[in-house]
Amino acid sequence: MNETPRANRLHITIFGRRNAGKSSLFNALAGQNMAMVSDQPGTTTDPVYKSIEILPIGPCVLIDTAGLDDVGTLGEMRVTKSRALMDKTDLALMLLDPRYGSTHFEKSLADELKAREIPIIPVITKADLSIENASCPQNKITDITEQVNKVVGIAPIWVSSQTGEGIAALKQQIIEMAPNSMHNTPIVGDLLKPGSLCILVCPIDSAAPKGRLILPQVQTIRDILDHGSQALVVKETELSDALERLAEPPDLVITDSQVFKEINELLDPSIPLTSFSILFARYKGDLPKLLEGLTVLDTLYDGDKILIAEACTHHRQDDDIGTVKIPYLLKQYTGKKLDIQHCSGYEYPPDLAQYKLVIHCGACMLNRKEMLSRISRAHAAGVPITNYGLFLAHMQSILPRIIDIGKRSLV
């Protein structure tokens, strides 16, 4: 609980050619030798992650990538994996080797990042070697700087990962260009007035992790406390007793979506009720678009493909929500013989057009940028998308009550 989850950190990704100095800069910013460095092009094969703190931004994660100009069968796979990181990148460091300056390759990369609305900081590396070897006289430095400024729209920062030249200036630029909303998006705090009492219903079943709460529950508790409200945590079997002990009804009840029905029947209709999945739909994604995805459920036919997507991998239980409960409810609700497929972890199918619907998990292991990217990719393919909590609430005919909290916020 003391460490900020990676999904809640600003994602800073280093992109560029092979042997442009990406790993050296990664190590210089990280303050330790995390990534292998050599003169051999293509040394970095898989992304390297390092959690860091950049004040006053706060928690960040720095990502080193393979060169986007890699070649061959393996090289193409590395390039594909590096480009996939753009889906989760909040801020891009675009590295340029002074030997090449700004070419069509750099312009193409800048255009791709801009199309994805990713802020770019152009960085020219190996400043010490360029000047020392007289390979970059002042007139060439001026020319390259102007070229990059024209392509990216911002002047590049010249750095040396060996001497530290320019690193402080780069960090300052990161601070200035970091998205302002990165750490200001509340989970539920904006719906509460100070002093509100929230009851959190957290089932402890066979799928619950040993000795701890799951991440959305922990993050929601912290958000409630950060906004000057109170959190009372109970299992679904203890909720009735907890309500009887209170002098006044709670201001809000937040439940795990798998016990929607029991909690809905137990609570007086006057008590606002929602779920962790619903809160994360607005915190990590786009709630209106995820709500729209439910409308396709009444238009499905035999053989239609449904994708159930999870952001993490875990040991499957006999009553697993993604592989057992949701498929069962889908078939029961539609009465159709559906082709239900699954994906998990960071793998997300490139060809989404084959599906009639995507049902996604709460995305607690993804950063907001990646979840919004997944929603956007689904819509670009003409495929509706929803999430676990919305789907389960709809299956139990309590969706209007569950999403009503946004309309009747307690602020």
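At what angle do the axes of α10 and helix α13 cross, and within what distance do they come? In this predicted model, local features need pLDDT of at least 70, side-chain atom pairs count only at pLDDT 80 or more, and totals for chains, interfaces and linings use all residues. Residues are numbered from 1 along each chain as its sequence is written, and side-chain values use heavy atoms, leaving out hydrogens and water.

The axes of α10 and α13 (residues 368-380) cross at roughly 90 degrees and come within 9 Å. Here axes are lines fitted to C-alpha atoms, for helices over the stretch in contact, with angles from 0 to 180 degrees between N-to-C directions; helices (H or I, at least four residues) and strands (E, at least two) are DSSP runs, numbered from the N terminus. The two helices are therefore roughly perpendicular (65 to 115 degrees). Their contact (heavy atoms within 4.5 Å) is made by R282, Y283 and K284 of α10 with R368, M371 and L372 of α13.

Helix α10 (residues 276-284) also packs with helix α7 (residues 215-226), at about 75 degrees and with the axes 11 Å apart. That makes α7 roughly perpendicular to α10. P216, Q217, Q219 and T220 of α7 meet F276, L279 and F280 of α10.

Next comes the sheet. Four strands form an open sheet with parallel pairing, in the order β8-β7-β9-β10; strands pair if DSSP finds at least two bridges between them. Strand β9 (residues 252-255) and β10 are joined over three bridges, and T255 has S275 of β10 as its bridge partner. Helix α10 packs on this sheet, touching β7, β9 and β10, and its direction makes about 70 degrees with that of β10.

Terms used
Parallel < 35°, antiparallel > 145°, perpendicular 65-115°, else oblique.
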